[in-house]
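Visitor: I'm new to this one and would like a walk through it. Could we start with how to spot a bond between two side chains?

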Amino acid sequence: MESMRRAFLGIMAALILLASSACSITQKDPDYVPPRPLPALEQLKQAPLADAAKYAVGQEVLSFVTADRNVVCSLTSARGEHLNLPYEQNGFADSANNKLATVPVAHCGLALYPKPEATDATDSCGGTGLGYLGGAALLTPAKSSYGECRSGVTQQEAEFGLKGSRNGPISQLPVLDDGKNLERNGLRCSAYDGGVACGNISAGVAFFVSRDRYELFSDAGKQASQTPSEAPKAP
């Protein structure tokens with residue numbers, strides 16, 4: 001009888017321990033402050049590289065979207081103002097542009113985006129100063145910029161803007177996981193902090209773009225421009 005009683009008590013103790021473990025509640029530390037995201041160039045230096053083959057569009061372009069589909073980017077080439085983008089009509093392949101030097105670039109387009117600061121308008125748009133819109137960022141080996149002269153909506157806005165179709169060539173592109181890097185011809189892009197950073201690490205030139213803000217970096221990493229925290233978005 002004594003041995004049975006001991007066995008019974010042992011089983012009950014084990015069941016109580018199991019129940020107490022299963023019902024334990026983990027509470028968040030109210031004083032915990034998550035670490036700030038890395039600056040753009042540090043993120044591009046430290047983030048692990050993704051397999052570029054997954055993002056190849058033909059032999060000369062790497063393209064991806066962010067998980068929320070708000071940003072589409074390509075590590076590609078330019079001839080003058082003509083960009084080799086697989087999801088936008090462009091004149092990159094026109095024979096008349098073959099005489100222009102081919103330069104590696106990174107380009108990102110946004111569905112929802114902040115307006116460019118007046119000091120960042122790099123084009124007079126035919127002398128009018130009108131039509132310089134946000135939603136596009138460009139990186140060359142020596143410079144980063146935000147905004148461009150255009151009329152109408154981009155393919156990214158047409159697919160993933162407020163009234164977007166959610167269907168088209170951009171919807172077929174692979175997602176670059178948060179915290180991963182892609183590299184082509186010395187330029188890198190990384191999805192992180194709710195947007196995308198692209199930069200030339202050796203030159204200290206970069207941009208960061210997201211739904212709410214953008215930043216431009218030049219002169220070996222010096223922040224050249226930053227939008228306010230409550231930057232207005234495109235309609």
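Predicted model: local features only at pLDDT ≥ 70, side-chain atom pairs only at ≥ 80, totals over all residues.

Visitor: How many disulfides does the structure hold?

Guide: Three. Count the bonded cysteines along the chain and the pattern reads 1-2, 3-4, 5-6.

Visitor: Why is the disulfide of C73 and C108 right-handed?

Guide: Look at the torsion about its S-S bond: that is about 110°, so the disulfide is right-handed. C73 sits in strand β3 and C108 in strand β5, so the bond ties together parts 35 residues apart in sequence. Strands (E, at least two residues) are DSSP runs, numbered from the N terminus. For C189 and C198 the torsion is about 105°, so that disulfide is right-handed. For C125 and C149 the angle is about -90°, so that one is left-handed. C125 lies in the loop between β5 and β6, while C149 is in β7 (residues 144-149), so parts 24 residues apart are tied together.

Visitor: Are these cysteines buried or exposed?

Guide: Buried means under 20% relative accessible area, exposed over 50%, and partly exposed in between (1.4 Å probe, protein chains only). C73 is buried at 0%, and C108 is buried at 0%. C189 is buried at 0%, as is C198 at 0%. C125 is buried at 12%, whereas C149, at 31%, is partly exposed.

Visitor: How do I read a nonpolar core?

Guide: Think of a set of buried Ala, Val, Leu, Ile, Met, Phe, Trp, Tyr and Cys residues joined through side-chain atoms within 4.5 Å. The largest one here has 26 residues, and F64, C108, L182, V196, C198, F207 and V209 touch the most other members. Elements giving two or more residues to this core include β3 (71-79), β5 (102-110) and β11 (205-210). Another core, of twelve residues, lies apart from it, with L83, Y87, F160 and I170 among them.

Visitor: What is V209 in contact with?

Guide: Contact means heavy atoms within 4.5 Å. Leaving aside neighbours within four places in sequence, V209 is in contact with V71, C108, L110, A137, Y146, G195, V196 and Y214.

Visitor: And how do I read empty space?

Guide: Rolling a probe the size of a water molecule over the atoms shows where empty space is left. On a 1 Å grid over the protein atoms alone, using a 1.4 Å probe, a pocket is an open set of points with protein on both sides within 12 Å along at least five of seven lines; lining residues have an atom within 4 Å of a point. The largest pocket is lined by 32 residues, with E81, L83, H107, E148 and C149 nearest its centre. Strands β3, β4 (82-83), β5, β6 and β7 each supply at least two residues of that lining.

Key. Residues numbered from 1 in each chain as written. Heavy atoms only, no water. Helix = DSSP H or I, 4+ residues; strand = E, 2+ residues; numbered from the N terminus. Disulfide = S-S within 2.5 Å.
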